[in-house]
Amino acid sequence: MEWGHRGRLAICAAALAAGMLTFSLHADTGATAATSATRAATAQEQSAPQPAYTLPPGPLAQAISLSRIRNLLDIAGAVWGVVFLWLLLATRGCAGLEGWARRLVKHRWQQGVLFFAALLIATTLAGLPFDWLGQHYERAYGVSVQSWSGWLGDQAKSLGLGLLMGVPVLLLFNGAVQRWPRRYWLGVWLLTLPLLALSVFVEPLLVPLFYKQEPLALHHAALTAKLETVVAHTGIAIPPDRIFLIHASAKSRGINAFVAGIGTTKRFVLWDTATDQLPDDETLFIFGHESGHYVLRHIPKMLAGSAIGLFFLYWGCAVFAAWLAGRFGARWGADGLASRTGFVVLLFVVSLASLLTAPVSNAFSRHFEHQADVYGQEAIHGLVADPQRTAVAAFNHLGASWLEDPNPNPFLEFWLFNHPSVEHRAEFAAHYNPWTNGGHGEFFKK
Ligand SMILES: [Zn+2]
């Protein structure tokens, strides 16, 4: 539940590496799309009304080409992830790995640890060129300011976490397939539910592995006091010690903030790029947006939604995987779905299904983000001079800091974006004024 698009933490990769925790509350792929500079230019020449999100010519050209690169890498990387699993099966690489683990150690669980650790390392290495290229371009365009050694260190930590969390989860799921050969997908689904909740609970606790984190009040006492006026307005309980600042400016120029966690780990986190670059009013708006995620219970709703979605996804995957194993199992050296190699057939099917159903989860996410935008604007009504102007300015700062394309391709927005495009968000904010003629907002009735 982020405010901006790209604040992906490396943890997401680790959570995804955990195999079936395919639904990340946090991941981005919020790539913007490529559209031609000429189209934007023509629109302006035709004296169309001034768009709500604009960039000067230099950054505009950069934003358009960087967005094109991000989209290409996002799509190619996601497809390659699925193709790589297929190749591991088709070349009998998986079967070879299973045999190797069996020869090396005696106990079945030790063989499983070896097999799944090797699998996670192989898939991570296979995806590394895409991550590397992404980082190369983010640095070249000045969005990322992280050193290569720092970046490699993050990749290593991420892989370490992936192994630590992923191997036990994959062993557990593989065990479920062996235990309940017919209805395993139901067992795996039941096991997924507490694991999903646990991953949301644990995620914020891992942030300090990647960023220096401190209470916001330590550096910005006056701002924290102002944020508490928004808290008073919304009526929710976010005490100052649950409001954190992370020193992200050592790695990125992008502005971001997020809410994360459930229960005792629930918190609001602001990147220092926001406190450095934004006037306080705009930070109040961001805080209002994030408070909206709390008040409107978006995290529990996303959890419930993914539980329902995964039920059907697993069921469909089980049907398809059974067919696939029957058709290709002998050729791939997969002795039934309960074997280690057979389990990779399941992983392949689940990753293919997640790739194809991404637009569904993204549509839900965009809806929640839009609701939070509305909530944020209403939350600061009466606290700042002009909520519309404040929100539009905040979106312009957000877009410029990440070099977001003001004119993304609508199909790519539909398929890839988990937030509405910055242009759509700014455009809505510019026209959202329910208070004229004595009216009131959707969430605040006065
Ligand atoms: Zn949000």
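**Cores and packing in a predicted model**

Q: Which residues have the most contacts inside the largest nonpolar core?
A: The model is predicted. Its largest nonpolar core has 55 residues. Those with the most contacts inside this core are Ala257, Val269, Leu270 and Phe395.

Q: Which residues is Leu270 in contact with, leaving aside neighbours within four places in sequence?
A: Leu270 is among the residues with the most contacts inside the largest core. With those sequence neighbours left aside, the partners of Leu270 are Leu216, Leu245, Ala257 and Thr275.

Q: Is Leu159 buried or exposed?
A: Leu159 sits in helix H6, residues 148–179. Within 10 Å there are 20 other C-beta atoms. The cut-off for burial is 20 or more, so Leu159 is buried.

Q: How far apart in space are Leu159 and Leu120, C-alpha to C-alpha?
A: In sequence, 39 residues separate Leu159 and Leu120. In space, C-alpha to C-alpha, the distance is 8.2 Å.

Q: Which residues does Pro359 touch, not counting those up to four places away in sequence?
A: Pro359 lies in helix H13, residues 340–379. Pro359 counts as partly exposed because it has 13 C-beta neighbours inside 10 Å. Phe417 is 58 residues from Pro359 in sequence, yet 8.2 Å away in space, C-alpha to C-alpha. The residues that Pro359 touches are Phe414 and Trp415.

Definitions and conventions:
Residues are numbered from 1 along each chain as its sequence is written. This is a predicted model: local features need pLDDT of at least 70, side-chain atom pairs count only at pLDDT 80 or more; totals for chains, interfaces and linings use all residues. Helices (H or I, at least four residues) and strands (E, at least two) are DSSP runs, numbered from the N terminus. A residue is buried if 20 or more other C-beta atoms lie within 10 Å of its own, exposed if 12 or fewer, and partly exposed in between; C-beta atoms are placed from the backbone. Two residues are in contact if their C-beta atoms, placed from the backbone, lie within 7 Å. A nonpolar core is a set of buried Ala, Val, Leu, Ile, Met, Phe, Trp, Tyr and Cys residues joined through C-beta atoms within 7 Å.
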